[in-house]
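The report below was prepared to accompany a structure and its sequence. Please read it with both in view.

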Protein chains: 2
Amino acid sequence: MTTADLRSIYQAYLDCLNAQDWPRLGKFVDEKVSHNGRPLGLEGYQAMLESDFQQIPDLRFNTELLVCKPPLIAARLKFDCTPKGSFLSLPVNGRTVSFAENVFYKFEGDRIKTVWSVIDKTAIEGQLS
Amino acid sequence: MTTADLRSIYQAYLDCLNAQDWPRLGKFVDEKVSHNGRPLGLEGYQAMLESDFQQIPDLRFNTELLVCKPPLIAARLKFDCTPKGSFLSLPVNGRTVSFAENVFYKFEGDRIKTVWSVIDKTAIEGQLS
């Protein structure tokens with residue numbers, strides 16, 4: 001797997017999320033995927049993403065930074081979006097907020113096996129105060 | 001600058017932080033460094049780090065993951081430490097907490113010019129509840 005291949009797979013994964021094309025998710029995500037130490041599996045991972053889109057109807061995944069060295073990718077994702085109610089236990093309630101997620105992915109073959117994600121909660125708090 | 005060179009410079013930077021060897025910080029950090037969009041400069045960056053060590057006397061920087069592609073490095077840093085008082089506005093007050101920081105660095109030559117850092121505040125909240 002070359003760096004260019006992995007970058008291209010990752011962009012196709014983000015396109016899949018933005019299209020909410022859940023039947024294709026298994027093309028990019030391993031059956032045994034774990035997220036922040038939780039062994040969600042593909043089904044639980046899809047449920048997490050579907051819930052994210054339910055809570056944030058205008059959710060869109062865009063990369064601000066990308067560092068790729070197979071089998072790892074690190075991405076800084078930038079969000080400008082409008083959570084309907086609470087988000088990360090914060091009362092966002094329909095305000096539009098901007099924040100980043102710094103996230104690492106470890107691939108096994110051409111699928112994501114492990115995710116370590118941190119969302120910038122402090123930035124959102126600063127926009128609600 | 002090769003990947004191996006940059007990894008080695010980054011490890012020396014972390015060693016410098018862990019030694020609190022502030023006179024050497026300018027070897028690794030640009031005079032015009034910015035951190036999460038704030039143009040701190042070297043002096044402000046050092047002040048931020050010194051303040052971190054004052055608030056968290058047992059602070060130690062350890063990498064859990066590293067992805068390097070010059071001029072970018074992405075690191076997941078793992079902390080087990082004991083903030084004396086508040087940390088990220090949370091009343092930690094001398095408890096030992098474990099959390100990660102997912103952080104990107106852009107180098108200019110052999111010095112850090114731009115930092116995009118996100119600390120896992122949600123993980124700390126979970127340990128205080």
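The model is predicted, so local features are given only at pLDDT of at least 70 and side-chain atom pairs only at pLDDT 80 or more, while totals for chains, interfaces and linings use all residues; side-chain values use heavy atoms, with hydrogens and water left out. Residues are numbered from 1 along each chain as its sequence is written, and chains are lettered from A and ligands numbered from 1 in the order in which they are written.

**The interface between chain B and chain A**

The size of an interface is often given as the accessible area lost when the parts come together. Here the area buried between chain B and chain A is about 2000 Å², and carbon and sulfur atoms give 68% of that area; buried area is the accessible area, taken with a 1.4 Å probe, that two parts lose on being put together, summed over both. On the side of chain B, the residues that lose the most area to chain A are B:Val67, B:Phe104 and B:Val118, which together make up 31% of what that side buries. In terms of contact, meaning heavy atoms within 4.5 Å, 22 residues of chain B and 22 residues of chain A take part.

Between chain B and chain A there are 5 residue pairs in polar contact, with both residues at pLDDT 80 or more. A polar contact is a pair of N or O atoms within 3.5 Å, where within protein one must be able to donate a hydrogen and the other to accept it, and where residues adjacent in sequence count only if both atoms are side-chain atoms. The side of chain B that touches chain A draws two or more residues from each of β2 (63-69), β3 (72-81), β6 (97-108), β7 (111-119) and α3 (121-128) of chain B, and β2(B) gives the largest share, 6 residues. Helices (H or I, at least four residues) and strands (E, at least two) are DSSP runs, numbered from the N terminus. By class, this side of chain B has 12 nonpolar, 4 polar and 6 charged residues, with Ala, Val, Leu, Ile, Met, Phe, Trp, Tyr, Cys and Pro counted as nonpolar, Asp, Glu, Lys and Arg as charged, and the others, Gly among them, as polar.

**Helix α3 in both chains**

In α3(B), the buried residues are B:Lys121, B:Ile124 and B:Leu128, where buried means under 20% relative accessible area, exposed means over 50% and partly exposed lies in between (1.4 Å probe, protein chains only). These residues lie on the same side of α3(B) because they cover an arc of only 60° around the axis, the arc being that of the directions from the helix axis to the C-beta atoms. They pack against α3 (121-128) of chain A, together with β4 (86-87), β5 (90-91), β6 and β7 of chain B.

In α3(A), the buried residues are A:Lys121, A:Ile124 and A:Leu128, and an arc of only 60° around the axis puts them on the same side of α3(A). The buried residues of α3(A) pack against β4, β5, β6 and β7 of chain A together with α3 of chain B.

**Salt bridges**

The structure holds 8 salt bridges over all chains, and the count between chain B and chain A is 2; a salt bridge is a side-chain nitrogen of Lys or Arg within 4 Å of a carboxyl oxygen of Asp or Glu. Among them are the following.

| Salt bridge | N to O distance |
|---|---|
| B:Lys121 and A:Glu125 | 2.6 Å |
| B:Glu108 and B:Lys113 | 3.2 Å |
| B:Asp110 and B:Arg111 | 3.4 Å |

The pair of A:Glu125 and B:Lys121 crosses between chains, from helix α3 of chain A to helix α3 of chain B. A:Glu125 is partly exposed at 22% relative accessibility, whereas B:Lys121 is buried at 4%. Within chain B, B:Glu108 is partly exposed with a relative accessible area of 47%, and B:Lys113 is partly exposed with 21%.

**Other residues**

B:Thr2, in the segment before α1 (3-18) of chain B, is partly exposed with a relative accessible area of 42%, and its side chain reaches the backbone nitrogen of B:Asp5 at 3.0 Å. A:Asn18, in helix α1 (residues 3-18) of chain A, is buried with a relative accessible area of 14%. Leaving aside neighbours within four places in sequence, A:Asn18 is in contact with A:Leu59, A:Arg60 and A:Phe61.
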